[in-house]
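Please load the coordinates in a viewer and keep a selection panel at hand. The stops below are meant to be followed in order.

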Amino acid sequence: MVNAATRPTRADYYQILADTLPKQALVVTSLGNASYLWAAMHHRPENFYFEDAMGLALPLALGLAIAQPERPVIVVEGDGALMMHMGALVTVGAVAPNNLTVLLIQNGVHAASGGQALTNANLDLAALARSAGIARAQNVATPEAFTSAMGAPVDGTGARFLVLSARPDTEVVRPPIAFDPVLTKHRFTAAIGAPRYVPTMFGGGRLQRD
Amino acid sequence: MVASGKQSADPHRPSEILDTLKNLGFGVAIAVPDSWLGEILVQIEHEPTMRLVRATHEEEALAIACGTRLGGLRTAMFVQNAGLLSMGAGMVSLAQRYQFPLLMLVSYRGTVEDPVFYHTPKGRVTEPVLKGIGLAYALADRSRPIGPQVERAATYAEEASCPFALLLSQEDVQW
C-alpha cells in the first residue's frame, strides 16, 4: 500500500460514487463509517446499512444481486471485514453475478473498532480476488482511477471488484438518521417493490407483489 | 412443531421436502453440504424453478440467504447442525436483528441414531445452543408426513419474522 497520508479518503470515493450512482442501484454498506458516512452523504431508501455483523455485507450483497438481477448492486466492505469471511470471495467468483460491484476499502486497519492493526495490511486483495475466480478485480489508488473504473462497461464476466486504497478513518461519523435495523429493511423492500408474505388461515402462505 | 394427520406411509421423505419447497414458491436454496444433504442439493440444482447457491461456510450462507430474502426471493437454507453452532454471531446480529424470515433445513447429526460417532459432540450441544441464541426450532416427527412439517416451519418463519430451524433425521433428508 502507498503512504497512508497520501491516500484518498473514504469521502473522496463516496463523492464519486454518489455522483455516478445509477438510479436503479442498490447499495449495501458495511458497519461503522462505511454506513455512517454513506448515510450522511447520500441517504436513500435503496441503501441497506449494516450496524454490526462484520464480514457479512459482501455475502448479503451477493444474495441481493442474485435476487435482483436487473439492478446494479454495490457493496462497500472493508479489508478487515473481508478477512473475516474470505470464503465469500470464492462464492462470488463461482456465482459470477454481472450486476455486483464490490468496493473494498483497504485502509489497513480495523477502522470501525478504533484502528487496531490488521493481521496483514499489505495483501494484494485484487490478486486474491482474481485467484478466487473474480476476473474483474483491480487495485485503485486515486479518485481518477476510481471514476474510470466505475465508468467501465459491464462485460458479462461476473462481479467487479475494486480495491480502494484509502486513509484510515477512525473518527466516527454521526449518521443523520436512526439506524433502526427493521426500519432499514422495510424501507429498502418498499423501495424496490419486493413481494410481501400473504398468509392464509391454515398455513401455505406465499410471497406476492401488491 | 407437530404436524397434524395420522401416521402414513411416506414413500420418499426427501422428495416430499423438495416438492413442498416448490409448492410454497421457494426460489432459492443456500447450502453448505454434509453427507446426508449431498443428493437433495443435486436435485435442487436440477429444478428449473429453484436456484442453489453453494456457500463456503454456514455463517456466509446465512448472510447470502438474508440477501436473497431481502431482494424478494423466498429462501431456504440447507446446513448441518455444525453450521448452526458456527453461525451464532451472524444469526443474532444480522438474521434475527433485521428479522429475516428464513427456513433452515438442518441435518441433525450426532443424535443417538447417528452411526457416525464423531458427530456426537455437536449433537449433544445443538439444542442448548439454539435455545441460548433464541433460534426457533423443531425436531421433525418421523411418524408424520414431512411435507406439512416443512410448510409449518416455513409459515412460522414468516409469521414470526425470524429464522426457523427444522432439525431433520437421515431418513428425512438423505435422498
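Which residues of E3(A) lie on one side and which on the other, and are they buried or exposed? Select strand E3 (residues 73-78) of chain A: Val73(A), Val75(A) and Glu77(A) lie on one side, Ile74(A), Val76(A) and Gly78(A) on the other, and all are buried. Here, buried denotes 20 or more other C-beta atoms within 10 Å of the residue's own, exposed denotes 12 or fewer, and partly exposed lies in between, with C-beta atoms placed from the backbone. Strands (E, at least two residues) and helices (H or I, at least four) are DSSP runs numbered from the N terminus.

The model is predicted: local features require pLDDT of at least 70 and side-chain atom pairs count only at pLDDT 80 or more, whereas totals for chains, interfaces and linings use all residues. Residues are numbered from 1 along each chain as its sequence is written, and chains are lettered from A and ligands numbered from 1 in the order in which they are written.

Next, display the neighbours of E3(A). Strands pair if DSSP finds at least two bridges between them. E1(A) runs parallel to E3(A) and is joined to it by four bridges; Thr29(A) stands opposite Val76(A). E4(A) is also parallel to E3(A), with six bridges between them. Within E4(A), Leu100(A) is the bridge partner of Val73(A), and Leu103(A) is that of Val76(A).

Now select strand E4 (residues 100-106) of chain A; seven of its seven residues are buried, so the strand is largely enclosed by the rest of the structure. Leu100(A), Val102(A), Leu104(A) and Gln106(A) point one way, while Thr101(A), Leu103(A) and Ile105(A) point the other way. In a regular strand the side chains alternate between the two faces of the sheet. E4(A) also pairs in the parallel sense with strand E8 (residues 160-165) of chain A, over six bridges, and Gln106(A) stands opposite Ser165(A).

Move to helix H2 (residues 33-42) of chain A, which is largely enclosed by the rest of the structure because seven of its ten residues are buried. Among these are Tyr36(A), Leu37(A) and Trp38(A). The buried residues of H2(A) pack against H1, E1, E2, E3 and E4 of chain A.

Finally, show chain B. The contact (C-beta atoms, placed from the backbone, within 7 Å) takes 33 residues from chain A and 31 residues from chain B. H3(A) supplies the largest share of chain A's side, eight residues.

Definitions and conventions:
Contact = placed C-beta atoms within 7 Å.
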